[in-house]
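Dear colleague,

Please find below the structure for your files. My notes on what was found in it follow directly after.

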There are 2 protein chains.
Amino acid sequence: MKRHSKITQIIGTLFALLITTMAGQLTHARPGADDFMKGSPPPLESRVTKANWYVGPHNRWGLQHVREITPTTEISRGEGPVSPLPTNSQPIKDIPVTNIEGKEVTIADWLVDSYTDGFLVLHKGSILTEVYMNSMTEKSYHNFFSMSKSFTGNLAGILAGRGLLDMNNVVASYVPEMKDSAYGDATVRQLIDMTIGISYSEDYDDPDSDVYRYSRGANSNPNPDGLTLYDLLPAFKKEGEHGQKFRYVTANTDALGWVIQRAANRHLAELLATEIWGKLGAERDAYVISDLNGTPFLGGGLNTILRDAARFGLMMQQGGSINGVHVVPADWIKDIQTNSFKTGYPGISYRNQWWVYPDLDAFAARGVAGQEIMIIPERELVIVKLSSWPTLNGYHKGGRAYDRRATKAIIEYVAGL
Amino acid sequence: MKRHSKITQIIGTLFALLITTMAGQLTHARPGADDFMKGSPPPLESRVTKANWYVGPHNRWGLQHVREITPTTEISRGEGPVSPLPTNSQPIKDIPVTNIEGKEVTIADWLVDSYTDGFLVLHKGSILTEVYMNSMTEKSYHNFFSMSKSFTGNLAGILAGRGLLDMNNVVASYVPEMKDSAYGDATVRQLIDMTIGISYSEDYDDPDSDVYRYSRGANSNPNPDGLTLYDLLPAFKKEGEHGQKFRYVTANTDALGWVIQRAANRHLAELLATEIWGKLGAERDAYVISDLNGTPFLGGGLNTILRDAARFGLMMQQGGSINGVHVVPADWIKDIQTNSFKTGYPGISYRNQWWVYPDLDAFAARGVAGQEIMIIPERELVIVKLSSWPTLNGYHKGGRAYDRRATKAIIEYVAGL
């Protein structure tokens, strides 16, 4: 008996060793949030800084800890009741999908393969599945990146609906400081639809790209020169004509934000809180990266918990209302769906700071490194995915097609419910 | 009739002009939070930055907006119920007190004179008065400055009570990295009581003082060299002997924090949350300025709402418990009250990172620019004051004596209840 228990103990030890080694290898293969910022102090190579928080592998921790990296402004949820999200659990994770190598796998595998942090599917306002990975929890905040732009588009829609913002006016009529810039003679419509003719590069693979210099002024990158968004925006030069073609430029959204502040004569943080966030019945306050003027970085600075991102999607899915509260004009949302125009990316259109997928009857907020809130009103479906891809642009060459197959598989499954 | 209304209108206009002018003068005489960070962008002279947020007049806004200035770490309130603070309103504001000029005024005047942002008096666990000024509200956070140190002292007490921390051990036995510094051969007892012999200057009026250089590493000042607390602490040199006399050194508290992290083998932010904040029944999460390693700045980085500061005081007043939850060992609090030693400041002793006022039977957490949580267990009294003095050291030459008279007047009033 004693000898037997000794052998059991040895086998147990060997097994534990094996598991530890395997875990070590897995960690080596793909760092997770827990591999960073541990220890007192953390080893230098595991330190997440203002210079590396947004790219892999440091974004595995960074995207859930933006407030620990840079100054932010709180967007209050207000005092109203939380909008309920009842649960109607469905085996979404078991839905089959073909992976990058052409192998039949499941949505559960896709979530792992695509570096998911949080994933939630809402159908008819109920949660079919809610998944947390990479140390994210229901209380964790996650960066939105460019999904923040769709919030800003909505603010414009709210003001336009009240007659405070005229989409046909030129930018300089709201913000004289931008008169001599690329933006001066552009209309608000051209700005919100990203058809500005501007000398600007949004190449995420080029560290000297304008988008990185711009990020410094946004306080989301190291900012040794003390730049602000409103220092940089008036300096962009015009190149080509406005209104000719879609051109994705992060700075446009903050130019739109400046227009919004002036049109409403209210601070952007206060507008975001009272006009959108405070009406959603969010569980938690949101927060947004803010620059040295306290200006929220609307091009990519918003952070929320997973469920609140879903509530934002649900409000859009329901034509602008949630829990009996009206937030965004219904005809503004209709305009996104019906008046979108081709971007040059196959199957993807754009309108009002929202991406539109005509063949899926869907529209979406999207951000680099795998952020998406996809809304399919006809199916009463909202799919939220928060991720931390190794690079801003993707996690694998075949990743986008794989993501599309996964989304379609979920849509088809839900159609059968 | 028409003529009469015309005259009324003119008088009204003149009156409005007068009020505006007076308001202008008042604003000029004493800027308030609303004079900063307004506009898109705010005028340069009204911009609150990492370089000016903590001193007047910019601290009028800055102390309530630390998260918008620098990176912070959340200290979760946990999931437990909020500790109730019932109201028993008393005319505290009407209590007479002699002001700096020797004039009989009231506590209401004292609160104005001493640049109050928030003020709360708790007696037998009930709120006698709760005052918000300078745009602060019940949801506003306010910087604690050195009141943060008393939180840290409590953490040490909690660990010592569990046998995880021996006050007689030397610092180097917990943190070898500090072996060759001023701290290496000091005991934890000497560290927590601020009797370290160290070459260091805490002169708030000297911008080249060590405390400012140290603040850079804490991320509470501009930090162009990318310093961290744990870069700076091992570099302080010994000067004189330990245990000889009281010497107030902010860095000591973070050295203590480092010892605590190593003794508990847990992260400081997690310790603050689970061992103190999560047990208080706080209304809101707290947050703390954190350095580039994510290390909380325990010397001066904590931020809470007014009522939660009062709950912290109430827990201490009640011998370490609040709402039925035990937080800090009762004998640790007794030790503060009974074993305090003279500091050299008249009427003020020190122990375990708490200030002790023997002649008032009180002890207190204190911070520059007018922060104080005063606890008088015998009277079941807690007085919390959050302020934004024009300088870190004071608001007027006669300020401290005036404050002392005000405190005594409140204590006497409450004794009669």
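Pro71(B) is the residue of chain B that comes closest to the rotation axis, its C-alpha lying at 2.6 Å. The same surface serves both copies, as 100% of the contact residues of chain B recur in chain A. Chain B is superposed on chain A by a rotation of 180 degrees with 0.0 Å of shift along the axis, at an RMSD of 0.0 Å (least squares on the C-alpha atoms of residues with pLDDT of at least 70 in both copies). This is the relation of a two-fold axis.

This is a predicted model, in which local features need pLDDT of at least 70, side-chain atom pairs count only at pLDDT 80 or more, and totals for chains, interfaces and linings use all residues. Residues are numbered from 1 along each chain as its sequence is written, while chains are lettered from A and ligands numbered from 1 in the order in which they are written.

The contact between the chains (C-beta atoms, placed from the backbone, within 7 Å) takes 24 residues from chain B and 24 residues from chain A. On the side of chain B that touches chain A, S1 and H9 of chain B are the elements that give two or more residues (strands are DSSP runs of E, at least two residues, and helices runs of H or I, at least four, numbered from the N terminus).

Helix H10 of chain B, residues 268-276, is mostly covered, with 7 of its 9 residues buried (20 or more other C-beta atoms within 10 Å of the residue's own, placed from the backbone). The buried residues of H10(B) pack against strand S1 (72-75), helix H4 (147-161) and helix H9 (250-264) of chain B.

With kind regards

Definitions and conventions:
A residue is buried if 20 or more other C-beta atoms lie within 10 Å of its own, exposed if 12 or fewer, and partly exposed in between; C-beta atoms are placed from the backbone. Two residues are in contact if their C-beta atoms, placed from the backbone, lie within 7 Å.
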